[in-house]
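Here are my notes for anyone opening this one for the first time. Keep the structure on screen and follow the points in order.

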Amino acid sequence: MDRRKKVIIIAALAGLLSFLLVFFLSGRRHHRGYQLTEADTIAITPAPQFCADSAMAYVKAQCDFGPRTPNSQAHDQCADWIIAKFTAIGASVEEQRTTLRGYDSTAYSCRNIIARVNPEQADRVVIGAHYDSRLWADNDPDPANHHKPVMAANDGASGVAVMLEMARAIGTMPLSIGVDFVCFDLEDQGRPKWAEPADEDDERGGNYWCLGSQYW
């Protein structure tokens, strides 16, 4: 071993011993001469427990209605179910109802659902997701499915499921702010890829995505 390596090793050992000595003496001082006061303690509030199985059950319940496409029975049944679930959890629920037109001027019934936790609180957080299913699977690798509706288990049902489980978990403990869970409708009905290009004079400029949140 050359001299340079010996110097480096000795210096490293000296540094380590110095650190251990300071650490030992510091620990003795804290244990013998220092008493914790109330100012030194931090109150830790347990986080609400989110149940993944519960959220998954909410996903399945929505999909059991079938694709929740606009103007369909499955769509209305799912909306009623969402309202009932948020109400049972203890949220204050209201609806925004209107009629909005799609890319081809089809009139769609829109139901935005707003569930408020701690509605009396002025300071609020908004958490949103959509619950409608897309009318056309125009991105499906199989062209035979391009005019069929999407089940929307992930892009749709999962967002609502997470919000429902969050609302349930939050309801198990006090909260100093309010939370508005907004279930948007008519979010996923933008112009399909197989449709004619958008008209430059179109009143929405061809943007028919997120109609419910635009209205909200």
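1. How many aromatic pairs does a search of the whole structure find? The search turns up six. Bear in mind throughout that this is a predicted model.

2. Start with phenylalanine 65 and tryptophan 81. Their ring centres are 6.4 Å apart and the planes sit at 65°, so this pair is edge-to-face. Phenylalanine 65 belongs to the loop between helix H2 (52–63) and helix H3 (73–89), while tryptophan 81 is in helix H3, so the pair ties together parts 16 residues apart in sequence. As for cover, phenylalanine 65 is partly exposed at a relative accessible area of 26%, whereas tryptophan 81 is buried at 15%. Both belong to one aromatic cluster, made of Tyr58, Phe65 and Trp81.

3. Next, have a look at tryptophan 136 and tryptophan 194. This pair is edge-to-face too, with 6.0 Å from centre to centre and 90° between the planes. Both partners are in loops: tryptophan 136 is between strand E3 (124–130) and helix H4 (153–170), and tryptophan 194 is between strand E4 (178–184) and helix H5 (211–215), so the contact ties together parts that are 58 residues apart in sequence. Tryptophan 136 counts as buried, with 10% relative accessibility, but tryptophan 194 is partly exposed at 33%.

4. Now for the strands. Is E4 mostly covered or mostly open? Mostly covered: seven of its seven residues are buried.

5. Which strands pair with E4? Strand E2 (residues 107–117) runs antiparallel to E4 and is joined to it by five bridges; alanine 115, for one, has phenylalanine 181 in E4 as its bridge partner. E3 runs parallel to E4, with seven bridges, and here valine 126 is partnered with aspartate 180. E3, H4 and E4 also make a right-handed β-α-β unit.

6. E2 has a further neighbour in strand E1 (residues 92–101): the two run antiparallel and are joined by 10 bridges. Arginine 97 stands opposite arginine 111 in E2. The E1–E2 hairpin has five residues between its strands, and serine 105 takes a positive phi near 75° there.

7. Aspartate 80 itself is partly exposed at 43% relative accessibility.

8. Arginine 111 also meets glutamate 95 in a salt bridge, at 2.7 Å from N to O. With arginine 111 in strand E2 and glutamate 95 in strand E1, the pair ties together parts that are 16 residues apart in sequence. Glutamate 95 forms a salt bridge with arginine 97 as well, the closest N and O atoms being 3.3 Å apart. Glutamate 95 is partly exposed at 30%, and arginine 97 is exposed at 53%.

9. Finally, the wider picture. Salt bridges that share partners join Asp76, Asp80, Glu95, Arg97 and Arg111 into one network. Across the whole structure, the search finds 10 salt bridges.

Key
Residues are numbered from 1 along each chain as its sequence is written. This is a predicted model: local features need pLDDT of at least 70, side-chain atom pairs count only at pLDDT 80 or more; totals for chains, interfaces and linings use all residues. Side-chain values use heavy atoms; hydrogens and water are left out. Rings of Phe, Tyr and Trp (its six-membered ring) pair if their centres lie within 6.5 Å; planes under 30 degrees apart count as stacked, over 60 as edge-to-face and the rest as tilted. Helices (H or I, at least four residues) and strands (E, at least two) are DSSP runs, numbered from the N terminus. Buried means under 20% relative accessible area, exposed over 50%, partly exposed in between (1.4 Å probe, protein chains only). Two strands pair if DSSP finds at least two bridges between them. A crossover is right-handed if, with the strands pointing away from the viewer, the path from the first strand over the helix to the second runs clockwise. A salt bridge is a side-chain nitrogen of Lys or Arg within 4 Å of a carboxyl oxygen of Asp or Glu.
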